[in-house]
Amino acid sequence: MSAEQATIAVSPHKTRRGIDSTKVPTYVAILVLLAMFVAGQGAYGRFFRFNTISSLLNDNAYLLVLAVAMTFPILTGGIDLSIGAIVALSSTVGCTLAVHGVPAVVVIIVMIAIGSLTGLLSGTLIKFFNMQPFIATLATMYLCQGIAAMISTVPVVLGGDSGLLIFGEEWKLIDGRKGNDLKFSVGLFVALVMVAIAYVTLHRTRSGRTIYAMGAPAKQSAELMGLPTRWSRQLIYLMSGTLAGVASVIYVGNVGKGQNVMGQGWELNAVCAAVIGGTIITGGAGYVLGSVVGALVFATMNLIITRDGTVPPAATTIITGAMLLVFVVIQRGIVTGFERRGKARSQALSEESHDDREPATSS
């Protein structure tokens, strides 16, 4: 058996050209993103411009972080319903402290700590009480929403001198003509740092390999191999909550206020972004950078709807749901097709190897 044949035999997700079938949905998402830009340019013009790209990235920096946060639990076949409520609680507490004169550094630490503690609580419920992630994070979601409503039910607006507003400040990288500038906000820089940390954690560490092993289709194999699955499960929700706290800081710094209703439904937007980016909802396959692409697809869709101006707000959720459904179908169709081809080749190679080892019979 050649080296190429051996690789295919042990890697049913690989095609003969070495393409990983689990990455195909991510490639599709990239093509969709490019197609949306082309369609936007053709329909409305002024789409392939620095200022459009700047607004798209800077305004949705928080969504990039939330999409990455959701990638962690989905990789294990779970979900974190609390990240939107964490944004609500964190923003309300942070803005309340800020308007009462608490230093910005302390406020930022408190906001992120709220996310970390909430994620730790969810992970503890899942690890020690064997609760389903859906139920555990649903409980923490209601807990965060309730506490946020007790603090304030009206927007808490930051003062113009608040240090939190630094995350909304922008650096001009390219000074274009007629306002066509390429700008890079502090919040976007922080978001990219979080993406880089998540990428290294998932793709370059033992903990990351354990998280992938905990996903479908063989969730029990990680435990049979002696991997620290219980500790990793708690770590997953700790990181998800922490990233949600960071997203809250970025968003508050951009809009300059916090409110108890902020973040409602954002957990589903994060799921949509992660799935569009190629993270398989049953776990075991997905990529941090794919989730970033999915978030950009989601944000670009909303930008096109806003530019159009004729689409009613209620139709936005319909379009989002239809897009998510299409991507899930594409995921399953592509991955299943490649898996069948890979298994067929593996079986054929196995039979060929067996025939080669079979001794010749003498007459």
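This is a predicted model: local features need pLDDT of at least 70, side-chain atom pairs count only at pLDDT 80 or more; totals for chains, interfaces and linings use all residues.

Author: Residues are numbered from 1 along each chain as its sequence is written, and side-chain values use heavy atoms, leaving out hydrogens and water.

Ser-90 sits in helix α5, residues 83–99 (a helix is a DSSP run of H or I with at least four residues, a strand a run of E with at least two, numbered from the N terminus). Ser-90 counts as buried because its relative accessibility is 0% (buried is under 20%, exposed over 50%, partly exposed in between, with a 1.4 Å probe and protein chains only).

Another serine to find is Ser-116, in helix α6 (residues 104–128). Ser-116 has 18% relative accessibility, so it counts as buried, and its side chain is joined to that of Thr-242 by a polar contact of 2.7 Å.

Follow the chain into the loop between α6 and α7 (133–151), where you will find Asn-130. Asn-130 is not a glycine, yet it has a positive phi of about 55°. Its relative accessible area is 68%, so Asn-130 is exposed.

Now look at Asn-51 in helix α3, which counts as partly exposed because its relative accessibility is 23%. Asn-51 and Gly-176 are 125 residues apart along the chain, while their C-alpha atoms are separated by 8.8 Å.

Finally, the surface. A nonpolar patch there is formed by Phe-50, Trp-171, Leu-173, Ile-174, Phe-189, Val-193 and Ile-197, with about 620 Å² of accessible area together (patch residues have over 30% relative accessible area and no salt bridge, and nonpolar side chains, meaning Val, Leu, Ile, Met, Phe, Trp and Tyr, are joined within 5 Å, like charges within 9 Å; areas use the Shrake-Rupley method with a 1.4 Å probe; a salt bridge puts a side-chain nitrogen of Lys or Arg within 4 Å of a carboxyl oxygen of Asp or Glu). At least two residues of this patch come from each of β2 (170–174) and α8 (186–204). Leu-173 lies in strand β2 and is exposed, because its relative accessible area is 54%.

Definitions and conventions: A polar contact is a pair of N or O atoms within 3.5 Å; within protein, one must be able to donate a hydrogen and the other to accept it, and residues adjacent in sequence count only if both atoms are side-chain atoms.
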